[in-house]
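Please read it beside the sequence and the structure.

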Amino acid sequence: QAQVVESGGGLVQPGGSLTLSCSASTLTLNSYSVGWFRQAPGKEREAVSCISWRDSSTYYADSVKGRFAVSRDNAKNTVHLQLNSLRPEDTAVYYCAVDTWRVTTVPLMCRRGEYDRWGQGTQVIVSS
């Protein structure tokens, strides 16, 4: 079974930046929609950003619009999430998920139930 792996998390000061990466063994990621979700302590897991396999359209949660950017690096079979202007409220475990069933439609809604392969998550802490 394909393994999804996130990397790039860490501790960063408010206003700083991080780049998260998602890779997957035995999956060609540009053939699937890929989503980034996050879960803060005591909160529900929420959608952050998704990118469609159909037309590469993207979705961003309102809370991250203009600060985060999702992109594909097909040569490296990787999906990146660039996190800029980070805030303490961005602190969470960030998960990458892949829609191997290809059920996502456009416009993307970035719904958790559409993604069936999940990574273990990478911790992002925004603190001074």
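## Aromatic cluster and its surroundings

Tyr 115 is buried, at a relative accessible area of 4%, where buried means under 20% relative accessible area, exposed over 50% and partly exposed in between (1.4 Å probe, protein chains only). The model is a predicted one, in which local features need pLDDT of at least 70 and side-chain atom pairs count only at pLDDT 80 or more, while totals for chains, interfaces and linings use all residues. Residues are numbered from 1 along each chain as its sequence is written, and side-chain values use heavy atoms, with hydrogens and water left out.

Rings of Phe, Tyr and Trp (its six-membered ring) are taken to pair if their centres lie within 6.5 Å, and planes under 30 degrees apart count as stacked, over 60 as edge-to-face and the rest as tilted.

| Pair | Centre to centre | Angle between planes | Geometry |
|---|---|---|---|
| Phe 37 and Tyr 115 | 5.5 Å | 65° | edge-to-face |
| Phe 37 and Trp 118 | 4.9 Å | 45° | tilted |

Because Phe 37 belongs to strand β4 (residues 33-39) and Tyr 115 to the loop between β9 (92-99) and β10 (117-118), their pair ties together parts that are 78 residues apart in sequence; here strands (E, at least two residues) and helices (H or I, at least four) are DSSP runs, numbered from the N terminus. The pair of Phe 37 with Trp 118, which is in strand β10, likewise links distant parts of the chain, 81 residues apart. Through these ring pairs Phe 37, Tyr 115 and Trp 118 are linked into a cluster, in which Phe 37 is buried with a relative accessible area of 0%, whereas Trp 118 is partly exposed at 25%.

A nonpolar core is a set of buried Ala, Val, Leu, Ile, Met, Phe, Trp, Tyr and Cys residues joined through side-chain atoms within 4.5 Å. The largest such core has 30 residues, and Val 34, Trp 36 and Phe 68 are among the members that touch the most others. Strands that each supply at least two residues of this core include β4, β5 (46-51), β9 and β11 (122-126). A second, separate core of seven residues includes Phe 37, Cys 50, Cys 110 and Tyr 115.

Contact is defined as heavy atoms within 4.5 Å. Leaving aside neighbours within four places in sequence, Val 34 is in contact with residues that include Cys 22, Ile 51, Val 79 and Tyr 115. Ile 51 is also the bridge partner of Val 34 in β5, and β4 and β5 run antiparallel, joined by five bridges, where two strands pair if DSSP finds at least two bridges between them. Six residues lie between these strands in their hairpin, with a positive phi of about 75° at Gly 42 in the turn.

Because five of its six residues are buried, β5 is largely enclosed by the rest of the structure. Three antiparallel bridges pair β5 with β6, with Thr 58 in β6 as the bridge partner of Ile 51. In the loop between β5 and β6 (58-60) lies Ser 52, which counts as buried at 1% relative accessibility. When residues up to four places away in sequence are not counted, Ser 52 touches Ser 33, Ser 57, Arg 72, Val 106 and Leu 108.
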